[in-house]
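Please have a look at the model first.

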Amino acid sequence: MFKVKKSPFMGVYWIYRGKNRFLATKNMVPGFKSCNEELIKVKGEEFRVWDPRRSKAAAYILKKGENFPITEKSKILYLGIASGTTASYLSDIIGKKGVIFGIDVSPIALMPLINIARKRENICPILSDARKPWNYSNIVPTVEVMYCDVAQPNPSQIVSINSNVFLRDKGFLLLAVKASSIDISRKPQEIYREEEMRLRDGGFEILDVVNLEPYHRKHAMIVAVKEGL
Ligand SMILES: C[S@@+](CC[C@H](N)C(=O)[O-])C[C@H]1O[C@@H](n2cnc3c(N)ncnc32)[C@H](O)[C@@H]1O
């Protein structure tokens with residue numbers, strides 16, 4: 001028998017089975033799976049188990065992150081959307097009135113997302129380089145949230161050039177920092193602090209920095225808000 005409880009974040013649930021609990025979202029497309037996750041039916045509703053090992057957003061929530069600004073109807077610019085594993089869960093959360101503009105530079109990574117976007121009409125895949133926002137500025141509008149997971153050596157620079165164009169004042173940023181993509185020889189904590197500083201210099205207020213170990217090695221999630229004028 002399963003029990004469902006709401007988490008503190010809209011559209012995110014805890015499913016209890018005996019002593020175990022799992023993070024989950026309500027499946028917007030019944031029967032849909034992104035990576036062979038378990039589907040659980042409770043009182044006629046279908047939930048998808050959200051694995052923190054496959055999604056840094058889920059790891060952030062499981063590691064007691066306190067600022068998850070994605071809610072129903074959110075408009076999101078997602079840099080490094082890849083095949084859409086995390087995006088499919090965000091798609092459940094934002095519902096039919098929200099939208100995710102997903103940028104990825106790799107056609108191979110993006111290919112499975114085309115099929116996902118056929119089923120989930122709130123995802124718009126865009127094959128493009130996040131270092132060149134002018135190439136998609138005719139498609140992407142102003143958004144409330146930017147989610148960045150590009151595993152590049154200069155993530156805050158990529159965030160900065162995109163947030164200048166697309167992120168509204170007081171809009172939120174979730175930045176997944178992979179320390180080994182920035183400098184493999186330095187301590188991850190030092191790198192996270194440096195990225196925090198860069199974001200501050202770029203006009204962000206830092207709300208939260210959460211180490212994503214053991215789910216993602218040498219990764220942290222930084223959540224920040226763009227300061228208004
Ligand atoms: C770690 S994966 C993203 C995983 C995904 N966020 C998820 O949780 O399902 C990083 C992705 O960033 C993409 N990427 C790397 N550099 C990029 C760039 N300059 N512009 C757009 N995408 C980029 C890669 O192709 C890759 O698909």
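A disulfide is counted here when two cysteine sulfur atoms lie within 2.5 Å of each other. The model is predicted, so local features need pLDDT of at least 70 and side-chain atom pairs need 80 or more, while totals for chains, interfaces and linings use all residues. Residues are numbered from 1 along each chain as its sequence is written, and side-chain values use heavy atoms, leaving out hydrogens and water.

**Cysteines**
- By this rule, the model has 0 disulfides.
- The sulfur of Cys124 is too far for a bond, because the closest cysteine sulfur, in Cys148, is 18 Å away.
- Cys124 is partly exposed at 25% relative accessibility, whereas Cys35 is buried at 19% (buried is under 20% relative accessible area, exposed over 50%, partly exposed in between, with a 1.4 Å probe and protein chains only).

**Ligand surroundings**
- There are 18 residues around the ligand (a heavy atom within 4 Å), and Tyr78, Thr86, Asp104, Ala130 and Asp149 come nearest.
- This shell divides into 7 nonpolar, 6 polar and 5 charged residues, where Ala, Val, Leu, Ile, Met, Phe, Trp, Tyr, Cys and Pro count as nonpolar, Asp, Glu, Lys and Arg as charged, and the others, Gly among them, as polar.

- A polar contact is a pair of N or O atoms within 3.5 Å.
- An N or O atom in the side chain of Thr86 is 2.6 Å from a ligand oxygen.
- Ligand nitrogen atoms are 2.8 Å from a side-chain N or O atom of Asp149 and 2.9 Å from a polar side-chain atom of Asp129.

How values were computed. A polar contact is a pair of N or O atoms within 3.5 Å; within protein, one must be able to donate a hydrogen and the other to accept it, and residues adjacent in sequence count only if both atoms are side-chain atoms.
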